[in-house]
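This report describes selected features of a predicted model. The sequence and structure are shown first, and the discussion follows.

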Protein chains: 2
Amino acid sequence: MSIYRHILVAVDLTDDAAQVVARAQKFQGEGVRFSLVHALEPLGFAYGGDIPMDLTSIQDQLTAHARAKLAELAPLLQVPTERQYVFTGMPDAEIHRLADQEGVDLIIIGSHGRHGLALLLGSTSTGVLHGAHCDVLAVRVGLKTA
Amino acid sequence: MSIYRHILVAVDLTDDAAQVVARAQKFQGEGVRFSLVHALEPLGFAYGGDIPMDLTSIQDQLTAHARAKLAELAPLLQVPTERQYVFTGMPDAEIHRLADQEGVDLIIIGSHGRHGLALLLGSTSTGVLHGAHCDVLAVRVGLKTA
């Protein structure tokens, strides 16, 4: 009955993550395993490299925050620590690389409408869709409850 | 156990359609119903309206061909005639309109890599992802068999 065997759930660090995880739970079944990923964009990219200060410690704090968030979500999908991934890099490229490397057959990611932050987050789900070598489920978040 | 209740399967008229339908079949279950859609781009759009001839009969033939293809796929998902939709228009807009109107909670569509016709077809799945009010499953086709 399981449709997929290894499902990679890509979450952001907002409340939307809970909706994405709730949808992922519906795919639970015999022989299905999950991984969790959050990809942080490097601060240097986001600010164009123009900030005359060392961003390393802030980046480290962001990474620690992301790890804590994944650890909080992990029990819902029985994801062991070694399959909780936090990367710094371009989100779509990192997610594709991980999916290929780990033999993932479905990526689940939240997808927003076109409002507010949506343009940014929407472009991540679009980027993930393109170039993925496996199926991608875009879960509509933000507009309604899952 | 059913994750979704009304699944709209968007197919093109290539052999990829069979892969998309095969994946959709995995979502079959008690209380799940399927619809099938193919959206034809108007020939007048594709050729910029510059052709000094009446394209109506060609468009009618394309529509008939699309209807025949949907009718051929329909038994695999128990889709009755009234839920086999062929539209002429912008594919993503038509698919969203239909999904909203019929209370669809998942759209399944094929998604290609970046090769060959893929750029065109890929942009349809991207367009469908954006602006959809429901979940979208992009089934990777063309790279491997389902």
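## An exposed loop residue in chain B

With a relative accessibility of 77%, B:Glu30 counts as exposed, because the value is over 50%. The residue is placed in the loop that runs between helix H1 (16–25) and strand S2 (33–40) of chain B. B:Glu30 and B:Thr124 are 94 residues apart along the chain, and their C-alpha atoms are separated by 30 Å.

## The interface between chains A and B

In this predicted model, 27 residues of chain B are in contact with 27 residues of chain A. The two chains bury about 2,400 Å² between them, and 55% of this area is on carbon and sulfur atoms. Across the interface the rule finds 10 residue pairs in polar contact, both residues being at pLDDT 80 or more. On the side of chain B that touches chain A, strand S4 (106–111), helix H5 (118–129) and strand S5 (135–140) each supply at least two residues. S5(B) gives the most, with 6 residues. By class, this side of chain B has 13 nonpolar, 8 polar and 6 charged residues.

The rule also finds 2 salt bridges across the interface. In one salt bridge between the chains, the side chains of A:Arg23 and B:Asp135 meet at 2.1 Å, N to O. In another, A:Asp135 and B:Arg23 meet, with an N to O distance of 2.1 Å. A:Asp135 lies in strand S5 (residues 135–140) of chain A and B:Arg23 in helix H1 of chain B, so this pair joins two chains. Both A:Asp135 and B:Arg23 are buried.

## Salt bridges within the chains

Over all chains, the count comes to 6 salt bridges. One of them is formed by A:Asp105 and A:Arg5, whose closest N and O atoms are 3.9 Å apart. A:Asp105 lies in the loop between helix H4 (91–102) and strand S4 (106–111) of chain A, while A:Arg5 is in the segment before strand S1 (6–10), so the pair ties together parts that are 100 residues apart in sequence. A:Asp105 counts as buried at 16% relative accessibility, whereas A:Arg5 counts as exposed at 61%.

In chain B, B:Glu94 forms a salt bridge with B:Arg97, and the closest N and O atoms are 2.9 Å apart. Both residues lie in helix H4 of chain B, 3 residues apart, about one turn of the helix. B:Glu94 counts as buried at 16% relative accessibility, and B:Arg97 as partly exposed at 37%.

## Helix H4 of chain B

Helix H4 (residues 91–102) of chain B has 12 residues, which should span 16 Å at 1.5 Å a residue; the end C-alpha atoms are 16 Å apart, in agreement with that expectation. Its buried residues include B:Pro91, B:Ile95, B:His96, B:Leu98 and B:Ala99. The helix is followed by B:Gly103, which has a positive phi, near 65°.

Most residues other than glycine have a negative phi. A:Gln78, although not a glycine, has a positive phi of about 50°, and B:Gln78 likewise has a positive phi of about 50°. A:Gln78 lies in the loop between H3 and strand S3 (84–88) of chain A, and B:Gln78 in the loop between helix H3 (56–73) and strand S3 (84–88) of chain B. A:Gln78 counts as exposed at 56% relative accessibility, as does B:Gln78 at 55%.

A:Thr63 is found in helix H3 (residues 56–73) of chain A. With 17% relative accessibility, A:Thr63 counts as buried. Residues up to four places away in sequence aside, A:Thr63 touches A:Leu40, A:Val86 and A:Thr88.

Notes:
Residues numbered from 1 in each chain as written. Chains lettered and ligands numbered in written order. Predicted model: local features only at pLDDT ≥ 70, side-chain atom pairs only at ≥ 80, totals over all residues. Heavy atoms only, no water. Helix = DSSP H or I, 4+ residues; strand = E, 2+ residues; numbered from the N terminus. Expected span 1.5 Å × (residues − 1). Buried < 20%, exposed > 50% of the residue type's maximum accessible area, 1.4 Å probe, protein only. Contact = heavy atoms within 4.5 Å. Buried area = accessible area lost by both parts, 1.4 Å probe. Salt bridge = Lys/Arg side-chain N within 4 Å of Asp/Glu carboxyl O. Polar contact = N/O pair within 3.5 Å; in protein donor to acceptor, adjacent residues only side chain to side chain. Nonpolar A, V, L, I, M, F, W, Y, C, P; charged D, E, K, R; others polar.
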